Amino acid sequence: MIKRAGYLDQLISLRDKQLIKVVMGIRRCGKSTLLELFKEELLKNGVAEQQITMINFEEADNEPLMDRKVLYAHIKKGLLPDRMNYIILDEIQHVGEWQRVVDSLFIKKNCDVYITGSNAYLLSGELATLLSGRYVEIKMLPLSFSEYISALGDKTELSRKYNSYLTNSSFPYALELTKAKDIRMYLDGIYNSVVFKDVVQRKKIADVSALESVIRFMFDNIGNLSSTKAIADALTFCGRKISAHTVDSYLEALCGSFILYKAGRYDVKGKQNLKTGEKYYIADIGLRYYLLGSQKADLGRALENVVYLELLRRSYDVRIGKVGNNEVDFVVTNEDGLSYYQVALTVRGEDTLARELRSLDSIADHNPKYLLTLDDDPETSHNGIRQINALDWLLK
């Protein structure tokens, strides 16, 4: 199993805290494995096997437990009265009114509860108010480039491995597969599970072909400024008549299933969020290759996508920056403050370098500014703007 150290450390630090731990992320990103690793940590640190109840609701054997009353009775029967009990419920969304079960366990002083889900709507709706203020959310993504390299155990030929990371996908199990056709079948399974289980079934979508047209359009336009009206107009022009309202509904569902991520826009000079012109990024570039083929590689936007996801992993709030008529790829904030990132495949041409620096140069404040590229050059500075090789930055 690949050690997901960052996520595992979060769970360990939250152990025995009076909070429900909720791990959320796209299907097959490694949530179940993370919980297995956490269970191993508990056992290593003196917790007895009898103190741990672990149920994966995607296993057929556990189907009888999808009734909330049956589930609660099953868990309650196994609780040890004189010790802490660790309750780990994987893919809990399969249980109707699961919040009532979790809330009942939460109020017991000797229960530490962990749950996972593959849909953002897990914690929405009337029943979710039962858990309001009682949980902490850990947002999980497929493998980072650093985790990918760590799993391979070899830091040589990074450029070749980066290309493999893009084309073969960042989903953990893809590392176990060596043949292109097997990887494609694996990604086909993930794609169809997400689209049909987490989007079509949940939203009760009748026109699946219209949904897939939107998905193809969004995968083809990662990193492009967009609006629901512009997307609807573009698809209608290509012969797929669809309303902006329908596009908006589909995008909401796709983001809710964690296959897409939306980055809003921020006016750097005006210091305010903008209501229009967001960008969308995909959870895994391998899915883009799977759906669109290699002719849609567009390595510059693929790199931008990888950087965006890495900033999320590093717990930044990420927005798209507007500076007058220029654009900064990412304006990011966390507890340490504000930073700016520009991403380009290469800046070895003078005109290209000048263009990529222009928007960062036009920002008057003194917050850190970075230019990330795949140029294999030593780190350098342009009037305080640090130019760094993106692969080196990803491995930090």
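Residues are numbered from 1 along each chain as its sequence is written, and side-chain values use heavy atoms, with hydrogens and water left out. Because the model is predicted, local features need pLDDT of at least 70 and side-chain atom pairs count only at pLDDT 80 or more, while totals for chains, interfaces and linings use all residues.

**View 1. The salt bridge between R28 and E58**. The structure holds 27 salt bridges, a salt bridge being a side-chain nitrogen of Lys or Arg within 4 Å of a carboxyl oxygen of Asp or Glu. In this one, the side chains of R28 and E58 meet at 3.5 Å, N to O. The pair links distant parts of the chain, 30 residues apart: R28 lies in the loop between β1 (20-24) and α2 (31-44), and E58 in the loop between β2 (52-56) and α3 (68-78). Helices (H or I, at least four residues) and strands (E, at least two) are DSSP runs, numbered from the N terminus. R28 is partly exposed, with a relative accessible area of 42%, and E58 is also partly exposed, at 30%. Buried means under 20% relative accessible area, exposed over 50%, and partly exposed in between (1.4 Å probe, protein chains only).

**View 2. The salt bridge between E49 and K39**. The closest N and O atoms of the two residues are 2.9 Å apart. E49 is in the loop between α2 and β2 and K39 is in helix α2, 10 residues apart. E49 is partly exposed at 44% relative accessible area, whereas K39 is buried at 17%.

**View 3. The salt bridge between R348 and D375**. Here the N to O distance is 4.0 Å. R348 belongs to the loop between β10 (337-343) and α13 (350-361), and D375 to the loop between β11 (369-373) and β12 (380-382); the two are 27 residues apart. R348 is exposed, with a relative accessible area of 55%, but D375 is buried, at 5%.

**View 4. A network of salt bridges**.

**View 5. R202 in helix α7**. This helix covers residues 180-203. R202 is partly exposed, with 38% relative accessibility. Apart from neighbours within four places in sequence, R202 is in contact (heavy atoms within 4.5 Å) with N119, Y121 and K197. The C-alpha atoms of R202 and F258 are separated by 14 Å, and the two residues are 56 residues apart along the chain.
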